[in-house]
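Student: I'd like to learn how to read a structure like this one. Could you walk me through it?

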Amino acid sequence: MKYLDEYRDEYIAHGLAAEIHEQVTHPWVLMEICGGQTHTIMRYGLDELLPKEVELVHGPGCPVCVTPLETIDKAIELSSRPDVTLVSYGDMLRVPGSDSDLFHAKADGSDVRVVYSPLEALKIARSNPNRKIVFLAIGFETTAPANAMAIWQAQREGLENFFMLASHVLVPPAIRLLLRSPDNRVQGFIAPGHVCTVMGYRQYEDLVSEFHVPIVVGGFEPVDLLEAILMLVRQLEQRQAKLENQYVRSVSRPGNVSAQQMVEKVFEICDQKWRGLGMIPLSGLRIRPEFAAHDAERIFGLAEIHVEEPAECISAQVLKGLKKPTDCTAFACRCTPEKPLGAPMVSAEGACAAYYRYRRHKVLA
Amino acid sequence: MCLAIPGRILEISESNGLRAGRVEFGGIVSQVCLDFVPEAQTGDYVIVHVGFAISRVNREEAERTYQALESMGLLEGELPPSTGESSEKTP
């Protein structure tokens, strides 16, 4: 496919890896924020092409993984109501709440449906006027405009049976949390290319000046990631800290203003709990009061619940880049993608699941 | 979850009051919301996420980046053997 295959070119990838070997003289710890990037790194074994000095640690950028247990529990509770159809992205069905998941709720008779796009959720609402359609909408800044558009459109069409159980997270506050942590090891970041496609990279320029840390906006293909790593290594070796954009074919400095405006109309910034990381101030988006008629939290009177993460799970350290998935005593035995203990094993894009899937656990055997 | 892929716009239309279009992804054609890319025209490539185009691919930049990378790859390709092997030697 055009604009995809070229960026998987092995020849170019090896050329970039050679250049990284050439440039590096010191050990550096780099973090890719986005789970999609973690997935590419593991899938293509990019970390194995790098010199031993360059260590990649994996960030908290998997929205499925960081959706709070409480949200999943609420979705399961809603799905059990006879007049509710619970709709969500496919990844969400297997995410464990405290006792069960949506997949089991569906097997037990709840009306749970998978959609690829928020527009399909709207379609279900239009053709089922007698049912309450609850869309469990999660995501980072990349997905927020599409989810916002669903509410906007429901309001515009007068779809009174469309509701959203929303859990949105924002990247810059999470990076700030990592950089402020006294045990932070990360010296350079690959910023998430699709988040920046929507948001632009001004917020990341602020992080560069505030923390004097190099940040490169990176794409998702092997060649994109190796080029972003090379750009970071060059900066670090020259003791520079600036914002650079590797993913120029999609990302501009202002970002997608029209998408940002839709998010701004429908959502407002709020404190948000992240699974594995806890509460991060001003790191989420909630539905504005003007759209309360479509806000499942308000309409269905869901009780506030509080659940603890399993004690053995070290996901907080994994999501902060302090530990590798393979450092966990439960990894690949008591915690697997089929029966995950914690956040990063949940979704295919979680760091633990990526390690598991691409057989990085064989060394433990 | 933030997966988004490039596709080519075949046709632009309207759907439920939103700018929409048929977009082709390596042979597969899907209906995509184009409301967030008012500048995108038929024949343009757009990056699509959960059924919404979130950017128009900047062709000049895409080709410039690719050519720069390709020339680097060719240059390094003259050095034997492939770097994959040399990196394996590092512990």
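Student: Let's start with A:P192: where is the place of this residue in chain A?

Tutor: A:P192 sits in strand β7 of chain A, residues 188-192. Strands (E, at least two residues) and helices (H or I, at least four) are DSSP runs, numbered from the N terminus. This is a predicted model, where local features need pLDDT of at least 70, side-chain atom pairs count only at pLDDT 80 or more, and totals for chains, interfaces and linings use all residues. Residues are numbered from 1 along each chain as its sequence is written, while chains are lettered from A and ligands numbered from 1 in the order in which they are written.

Student: Is A:P192 buried or exposed?

Tutor: The general idea is a neighbour count: buried takes 20 or more other C-beta atoms within 10 Å of the residue's own, exposed takes 12 or fewer, and partly exposed is in between, with C-beta atoms placed from the backbone. A:P192 is buried because 30 other C-beta atoms lie within 10 Å. A:E32 is 160 residues away from A:P192 in sequence, yet their C-alpha atoms are 7.5 Å apart in space.

Student: What order do the strands take in the open sheet of 5 strands in chain A?

Tutor: Strands pair if DSSP finds at least two bridges between them. Here the order is β2-β1-β7-β8-β9 of chain A, and the pairing is parallel. β2 and β9 (243-245) of chain A are at the edges with a single partner strand each, so one side of each has no neighbour in the sheet. From one strand to the next, the twist averages 25 degrees.

Student: How many bridges join β1(A) to β2(A)?

Tutor: There are 6, between β1 (residues 28-34) and β2(A), which run parallel. A:W28 is opposite A:V54 in β2(A), and A:M31 is opposite A:V57 in β2(A). Strand β2 of chain A, residues 54-61, is mostly covered, with 7 of its 8 residues buried.

Student: Which strands does helix α2 of chain A lie across?

Tutor: Helix α2 (residues 35-43) lies across β1, β2, β7 and β8 (215-218) of chain A, at about 120 degrees to β1(A). Such angles run from 0 to 180 degrees between N-to-C directions, and axes are lines fitted to C-alpha atoms, for helices over the stretch in contact.

Student: What about the open sheet of 6 strands: what is its order?

Tutor: That one goes β4-β3-β5-β6-β11-β10 in chain A, with mixed pairing. Within chain A, β5 (residues 132-139) and β6 (residues 162-169) pair in the parallel sense over 7 bridges, and A:A137 is opposite A:A166 in β6(A).

Student: Now helices: how do I describe two that pack?

Tutor: You use the angle between their axes and the distance between the axes. In chain A, α9 (residues 171-180) and α11 (residues 202-211) pack at about 15 degrees, with axes 10 Å apart.

Student: Which residues of α9(A) meet α11(A)?

Tutor: Contact means C-beta atoms, placed from the backbone, within 7 Å. A:P172, A:I175, A:R176 and A:L179 in α9(A) meet A:Q203, A:L207 and A:F211 in α11(A).

Student: And how many residues does each chain bring to the contact of chains A and B?

Tutor: Chain A brings 56 residues and chain B brings 43. On the chain B side, α1(B) gives the most, with 11 residues.

Key. Two residues are in contact if their C-beta atoms, placed from the backbone, lie within 7 Å.
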